[in-house]
2 protein chains.
Amino acid sequence: MKPIVREIFESIELNNEELHKVLINVQKIEVKKKELLLREGQRIDSIYYIHNGCLRTYFIDSSGKEHTLQFAIKGWWISDYISLYGKDSSKSVTYIECIKSATLVKISKTEFDILCKEIPKISHLYINKLESAFASFQKRILENQTLSAKERYINFINNYPNIEQNVKNYHIASFLGITTESLSRIRKEITDRK
Amino acid sequence: MKPIVREIFESIELNNEELHKVLINVQKIEVKKKELLLREGQRIDSIYYIHNGCLRTYFIDSSGKEHTLQFAIKGWWISDYISLYGKDSSKSVTYIECIKSATLVKISKTEFDILCKEIPKISHLYINKLESAFASFQKRILENQTLSAKERYINFINNYPNIEQNVKNYHIASFLGITTESLSRIRKEITDRK
DNA sequence: CGCGACGTTGATTTGCCTCAACGATTGTGG
DNA sequence: CCACAATCGTTGAGGCAAATCAACGTCGCG
């Protein structure tokens, strides 16, 4: 457990006392492929650090279609940010699914907030993560509005070069906001052109 | 100047020493309708608090179309988060335009980061702002993928009930990711139905 | 082996875009 | 204060990217 926590905070180097404070507030969790971290209606109260493996957050709309919000791999944090941070304390409509068996570190958001106040270094690290996540989500909104499905797919492949081993095509389709059929046609077009 | 800075940090109550630290790092800025905070190619290095008025960030894609990323009113912060927080230090492609004459407080991101470290309360406030902004951007991605243009427009009207006095329809269209023509037809459909 | 999950292909539909023209509104200078 | 121009919004006709619906290969796993 200690080495994983050191890994999480590698960029800020905690001393022993600080490390101890963190350790008593986190737990290690193992999840297997296809398992859900969060079940429908359950209210999320934690954030999860990914030590290894791969997960995705998705949600199901009123007509039953899946929409993947993000994929997450080693070094990322994952949670249902909408219900965690959002103003309306509505129940979660988001699912967090394990795509490739993973080892996670779980920490409750309440505890994490306290740690941020007790150990300012942690809040600075957290700010950094939030800022870059925020920027990439803004970028995604722009790309969704600007680019065609094909361009978005090509971008995706470039941004996540090694993710194809793990994720299914319908995961990618639901991330890009298109149907599996459309993705299939796009893939064909691209390989045909070579 | 003092009362505005107090307004910015009203939820955390700075003492005189802290207030002073902030004051020497900020400047008040007045912008008039149609003015740009940021010109093309210019690299942004500051964030702006909106004391009053209304602004929007938008960018122009390769085919010349405008895309509005966000509107901002009193109490909000505005900046070009993609170039400010993003990993690639590319030049800005984003514009920040004043929609309704505004009074802003400008602070350089570098100074702000220092203030966060010197006055932890500020970093906690900042984390809160980031978290809720992050959640609302995630929500927007989901809504863009799930809802029809009409549904998104109705949502927009409900979320920004009093914004219509200031913003043009083509601002709204470019926020929703549709053309002005489509928005016009949607508006007609809605009023006809009444 | 056989079944279910996944991916592909085809035919058709549709929501929104594009292009074009024309009202309506706003602002500005004489 | 009006006249005219520029800006903004509306309407129509036609087109296109992607969705929908349906059927059929293919792969992996119990």
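This is a short talk on a predicted model with protein chains A and B and DNA strand C.

I'll start with chain A by itself. Chain A contains eight helices and five strands. Read from the N terminus, the order is α-α-β-β-β-β-α-β-α-α-α-α-α. The radius of gyration of chain A comes out at 18 Å, close to the 16 Å that the globule rule gives for 194 residues, so chain A is as compact as a globular protein of that length. Along the principal axes, the C-alpha atoms of chain A fill a box of roughly 60 × 35 × 30 Å. Of the 194 residues in chain A, 29% are buried. As for contacts, if we take those in chain A with a separation of 6 or more, 71% are between residues 24 or more positions apart.

Next, the pair. How is chain B laid on chain A? A turn of 180° with a shift of 0.0 Å along the axis does it, and the RMSD is 0.1 Å. That is the relation of a two-fold axis. The residue of chain B that comes closest to the rotation axis is B:Phe134, with its C-alpha at 2.8 Å. Both copies use the same surface, in that 100% of the contact residues of chain B recur in chain A.

Now the interface itself. Here 32 residues of chain B are in contact with 32 residues of chain A. On the chain B side, the elements that give two or more residues are strand S3 (66–73), helix H3 (81–85), helix H4 (109–118) and helix H5 (120–146). Which of them gives the largest share? That is H5(B), with 20 residues. By type, the chain B side divides into 16 nonpolar, ten polar and six charged residues.

Last, the DNA. DNA strand C is surrounded by 16 residues, and the closest are A:Asn169, A:Ser184, B:Ser148, B:Ala149 and B:Ser182. The surface near DNA strand C divides into three nonpolar, six polar and seven charged residues.

Technical notes
Residues numbered from 1 in each chain as written. Chains lettered and ligands numbered in written order. Predicted model: local features only at pLDDT ≥ 70, side-chain atom pairs only at ≥ 80, totals over all residues. Contact = placed C-beta atoms within 7 Å. Helix = DSSP H or I, 4+ residues; strand = E, 2+ residues; numbered from the N terminus. Nonpolar A, V, L, I, M, F, W, Y, C, P; charged D, E, K, R; others polar. Near = placed C-beta within 6 Å. Rg over C-alpha atoms; globule rule 2.2 N^0.38 Å. Buried ≥ 20, exposed ≤ 12 C-beta atoms within 10 Å, placed from the backbone. Least-squares fit on C-alpha atoms with pLDDT ≥ 70 in both.
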